[in-house]
Amino acid sequence: MRYFLRALREAAKSWPLLAAAMLCSAGVAALWGANIAALFPIIEVTLRGESLQSWNDQRIEDSQQRIDAGEEELARLTGEIASGERTGEDLAWARHRIDTLNLNVAGDRAVVYSAQKLGPWLDRFLPVDPFQTVLMVVAFVVFSTFFKHVLLLTSTMLVSWVAMNISRNIRVKIFDKALALDRAQFMRHGSAGFMAQVTATAEMLANGITAVYGGAVTEPMKIIACLGCALLVSWRLTLVCMLMAPVVGFLMVWLNRQMRNISKGVLSQAKGYHHVLLEALNNVLTVQAYTMEPFERQRFRDCTSEMMRVGMRHSFYKALANPITEILGIGMVATSIAVGAWLVINQETQIFGVTMTDQPMTVPGIMIFFGFLIGASDPVRKLSGVITGLNMGIVGAQGLYPLLDTESKLAEVAEPKRLPSPHREIRLEDVSFSYDGIDTVLDKVNITIPFGERVAIVGPNGGGKSTLINVICRFYDPTGGQVLLDGVPLTELAVEDLRRRIAMVTQQTELFNETIHYNIRYGRWDASDEEIEEAARKAHAHEFISDFPEGYKTMVGPNGFRLSGGQRQRIALARAFLRDAEILVLDEATSQIDVESERLIHEALSQYVENRTVLMITHRASTLALADAIVEVEHGRAVKRPAKQPQAA
Ligand code: ADP
């Protein structure tokens with residue numbers, strides 16, 4: 001609930017829009033009655049050839065006559081009671097008659113009062129001619145219908161805007177968080193986790209917020225207003241009518257709990273579903289190569305049918321909320337009709353010995369009471385939809401906010417230190433690292449890499465080479481020791497400041513489904529076409545790019561699937577060359593490039609790597625030839641030695 005309240009507070013920032021939407025709805029409600037049916041009496045009057053002015057005068061006259069007659073009878077009856085003329089049942093009848101007469105006279109007085117007020121308005125604004133009045137009424141109906149729909153449209157658009165804006169804000173926040181987390185934190189959720197959060201959870205939360213602003217305030221207020229008025233008429237009778245409320249309240253609490261559990265189920269199903277979907281589609285080559293289609297089909301069918309099962313349960317409980325709330329509404333009205341009718345028909349003030357009213361109720365009195373209860377029962381019914389939305393919102397917020405609250409381990413310091421470019425050295429001091437807190441991947445590594453040095457990192461698979469690079473690039477912070485750039489720990493630099501010094505090419509090249517031009521330029525938007533071509537030439541990519549009919553405008557397909565592995569690596573290399581960073585990181589960057597091209601690239605590299613620090617993970621002797629120093633990483637230990645020494649192994 002705490003998280004959901006936070007979401008509500010955030011949404012409340014759009015309060016002017018929400019308030020405007022509510023005003024529009026109120027306007028719509030007010031104009032609802034302005035249709036032909038409501039104005040029918042006016043038409044009826046005018047069709048009889050009467051003007052509204054004369055009809056109004058007539059009304060005053062008729063009411064006045066009734067008031068006079070009523071007052072006369074009242075005076076007579078009061079006199080008879082006072083003189084003791086009426087006794088027994090006759091006396092009771094007379095008292096009841098006095099009540100009725102009082103009510104009638106008050107009603108007629110109200111009519112006279114309103115008609116007198118209305119008179120000048122009718123004189124001023126309405127024509128005396130009946131036909132012209134009809135025309136005016138018809139014009140008013142047409143205009144008010146038009147205006148009502150303008151308000152309705154405005155209100156719908158405002159509410160939709162607020163709801164969509166809320167889900168968009170939530171989605172933007174999740175996306176920002178996904179990009180801000182360090183790799184270990186990101187991997188804990190995975191792409192599928194974030195995908196589910198962006199789609200399903202954000203939707204649930206937005207539903208909840210819309211439900212609250214759409215009805216969780218207004219509906220209970222309507223109920224309270226109507227019940228309050230009913231209490232004024234007869235508080236005891238109101239309490240009797242509310243006898244059902246505790247039972248229904250208990251049922252609603254139970255239903256709430258069920259709904260919340262199921263909403264959690266819906267959420268975890270959504271995560272599982274995205275997981276299965278993304279895995280099968282991203283690894284579609286392996287799925288097809290190993291003919292695992294039936295297995296994956298079955299997996300997808302299983303998770304979708306599980307989703308359907310949970311969805312059906314959700315629908316069931318959601319639908320169940322309706323009858324439960326409606327039972328309360330109808331129960332209230334039914335009890336009031338039964339009890340009220342008994343009291344009125346029998347002219348009693350007590351039922352089962354319990355006093356209900358001080359005086360026997362009159363027919364108009366009980367009718368007003370019924371009216372208030374019916375008025376309360378409609379919002380009670382609408383409340384069920386609100387409760388469903390509220391539950392979804394609470395579960396959505398519980399799923400989402402802990403993720404949004406996860407502090408990125410790559411948190412920026414308040415006042416990051418600034419360093420001149422280029423740097424002088426990278427130093428690792430007693431750097432230890434563990435992914436899971438159990439296995440030590442790097443164990444007290446101490447190395448210094450001066451600016452301009454070309455370092456080859458070698459060692460067996462799983463020895464910790466990539467981890468070492470990841471720690472230097474600050475994709476992870478070390479669990480022990482520190483990495484220093486010119487004597488300043490990386491944690492005291494802005495991440496942006498560090499990363500802009502680095503260009504990186506990894507074994508798994510990541511390309512965007514855009515043109516080759518876009519992919520090379522990614523990371524340096526200000527680069528000119530000439531610079532892009534220059535970088536492509538250095539990476540020996542220009543030749544194959546020129547062979548494409550569309551050249552640099554060729555779309556590479558999702559993750560560059562239209563290109564060969566070697567071509568992809570060359571584009572990634574061109575991207576890194578264009579970046580012109582002071583630290584170049586190559587993680588098996590030429591592993592898929594043919595021998596001849598690799599030789600040419602090495603030639604280009606040997607010129608390019610001048611005046612920058614190069615860290616390359618490699619197994620290839622040809623790449624080793626470029627290195628000034630070699631760092632051997634094995635079982636978490638790293639030893640640095642000059643490259644020209646004969647290799648130990
Ligand atoms: P290399 O690059 O030398 O092949 P890595 O640095 O990739 O080795 O991996 C070193 C060790 O860390 C391996 O034992 C590997 O299983 C483990 N490892 C790598 N990445 C992760 C990760 N994200 N989570 C947990 N363990 C990891």
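Reader: Starting with β12, which residue there is the bridge partner of Glu 632?
Author: In β12, Glu 632 has Val 639 as its bridge partner. Strands are DSSP runs of E with at least two residues, helices are runs of H or I with at least four residues, and both are numbered from the N terminus; two strands count as paired if DSSP finds at least two bridges between them.

Reader: Before we go on, what kind of model is this?
Author: This is a predicted model, in which local features need pLDDT of at least 70 and side-chain atom pairs count only at pLDDT 80 or more, while totals for chains, interfaces and linings use all residues. Residues are numbered from 1 along each chain as its sequence is written, and side-chain values use heavy atoms, with hydrogens and water left out.

Reader: Okay, back to the strands: how many bridges join β11 to β12?
Author: Six bridges join β11, residues 629-634, to β12, and the two strands run antiparallel. Besides the pair already named, Ala 629 stands opposite Pro 642 in β12, and Glu 634 has Arg 637 of β12 as its bridge partner. In the hairpin of these strands, which has two residues between them, His 635 takes a positive phi near 50°.

Reader: And what does β11 do with β5?
Author: β5 and β11 pair in the parallel sense over four bridges, and Ala 456 has Ile 630 in β11 as its bridge partner.

Reader: In what order do the six strands of the open sheet come?
Author: The order is β8-β9-β10-β5-β11-β12, and the pairing in this open sheet is mixed. Its edge strands are β8 (502-505) and β12 (637-642), each of which pairs on one side only. From one strand to the next, the twist averages 15°.

Reader: Which strands does helix α14 touch there?
Author: Helix α14, residues 465-472, packs on this sheet and touches β5 (454-458), β8, β9 (583-587), β10 (613-617) and β11, where contact means heavy atoms within 4.5 Å. The direction of α14 makes about 150° with that of β10; axes are lines fitted to C-alpha atoms, for helices over the stretch in contact, and angles run from 0 to 180 degrees between N-to-C directions. Helix α19, residues 565-579, also packs on the sheet, touching β8 and β9, and its direction makes about 175° with that of β8.

Reader: Switching topic, which residues surround the ligand?
Author: The surrounding residues, each with a heavy atom within 4 Å of the ligand, are Tyr 435, Val 441, Pro 460, Asn 461, Gly 462, Gly 463, Gly 464, Lys 465, Ser 466, Thr 467 and Tyr 476.

Reader: How far is an oxygen atom of the ligand from the side chain of Ser 466?
Author: An N or O atom in the side chain of Ser 466 is 2.8 Å from an oxygen atom of the ligand. A polar backbone atom of Gly 464 is 2.9 Å from an oxygen atom of the ligand, and a polar side-chain atom of Tyr 435 lies 3.4 Å from a nitrogen atom of the ligand. Taken alone the ligand exposes 560 Å², of which the protein buries 56%, with accessible areas taken from the Shrake-Rupley method with a 1.4 Å probe.

Reader: One more sheet: what is the order of the four strands?
Author: The order in this open sheet of four strands is β4-β3-β6-β7, with antiparallel pairing. β4 (442-450) and β7 (488-489) stand at the edges with a single partner strand each, so one side of each has no neighbour in the sheet.

Reader: Which residue in β4 is the bridge partner of Ile 426?
Author: Ile 426 has Ile 449 in β4 as its bridge partner, and in β6 its bridge partner is Leu 485. Strand β3, residues 425-433, and β4 pair in the antiparallel sense over six bridges, whereas β3 and β6 pair in the antiparallel sense over five bridges. α14 lies across β3, β4 and β6 (480-485), running at about 120° to β3.

Key
Polar contact = N/O pair within 3.5 Å; in protein donor to acceptor, adjacent residues only side chain to side chain.
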